[in-house]
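Hi everyone, thanks for coming. Let me put the sequence and the structure up on the screen, and then we can walk through them together.

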Amino acid sequence: MAVPKRKTSKARRDKRRSNVWKLDMPGMVKCPKCGEFNLAHRVCSKCGNYKGEEIVKVAD
């Protein structure tokens, strides 16, 4: 049976459990047409444009 050779310190344990290493926010970019923030390489949810072309009709 595997047994740890030394006790894991509280500092090491807490560093591992902390959320410091996680990303804060995914890559967000501004839509060139309306200025809304969206995920990169996705159709804008507000105006329906992608790379300057209207992909989805959005009802106002």
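Before we start, a word on residue classes: Ala, Val, Leu, Ile, Met, Phe, Trp, Tyr, Cys and Pro count as nonpolar, Asp, Glu, Lys and Arg as charged, and the others, Gly among them, as polar. What we have here is a predicted model, where local features need pLDDT of at least 70 and side-chain atom pairs count only at pLDDT 80 or more, while totals for chains, interfaces and linings use all residues. Residues are numbered from 1 along each chain as its sequence is written, and side-chain values use heavy atoms, with hydrogens and water left out.

Let's begin with the largest pocket. A pocket, on a 1 Å grid over the protein atoms alone, is an open set of points where a 1.4 Å probe fits, with protein on both sides within 12 Å along at least five of seven lines; lining residues have an atom within 4 Å of a point. Its volume, the space filled by probe spheres set on the points, which are joined across faces, edges and corners, is about 190 Å³. Of the 14 lining residues, Val 29, Lys 30, Pro 32, Arg 42 and Tyr 50 are the closest to the centre. By class, the lining has seven nonpolar, four polar and three charged residues.

Now to strand 2, where we find Asn 38; strands are DSSP runs of E, at least two residues, numbered from the N terminus. Is Asn 38 buried or exposed? At 11% relative accessibility, Asn 38 counts as buried, and buried means under 20% relative accessible area, exposed over 50%, partly exposed in between, with a 1.4 Å probe and protein chains only. Its side chain joins that of Ser 45 in a polar contact of 3.4 Å; such a contact is a pair of N or O atoms within 3.5 Å, where, within protein, one must be able to donate a hydrogen and the other to accept it, and residues adjacent in sequence count only if both atoms are side-chain atoms.

Most residues other than glycine have a negative phi. His 41, however, has a positive phi of about 60°, and His 41 sits in the loop between strand 2 (37-39) and strand 3 (49-50). Lys 51 also has a positive phi, about 55°, and Lys 51 lies in the loop between strand 3 and strand 4 (53-54). His 41 is exposed at 67% relative accessibility, and Lys 51 is exposed at 69%.

Methods: Helix = DSSP H or I, 4+ residues; strand = E, 2+ residues; numbered from the N terminus.
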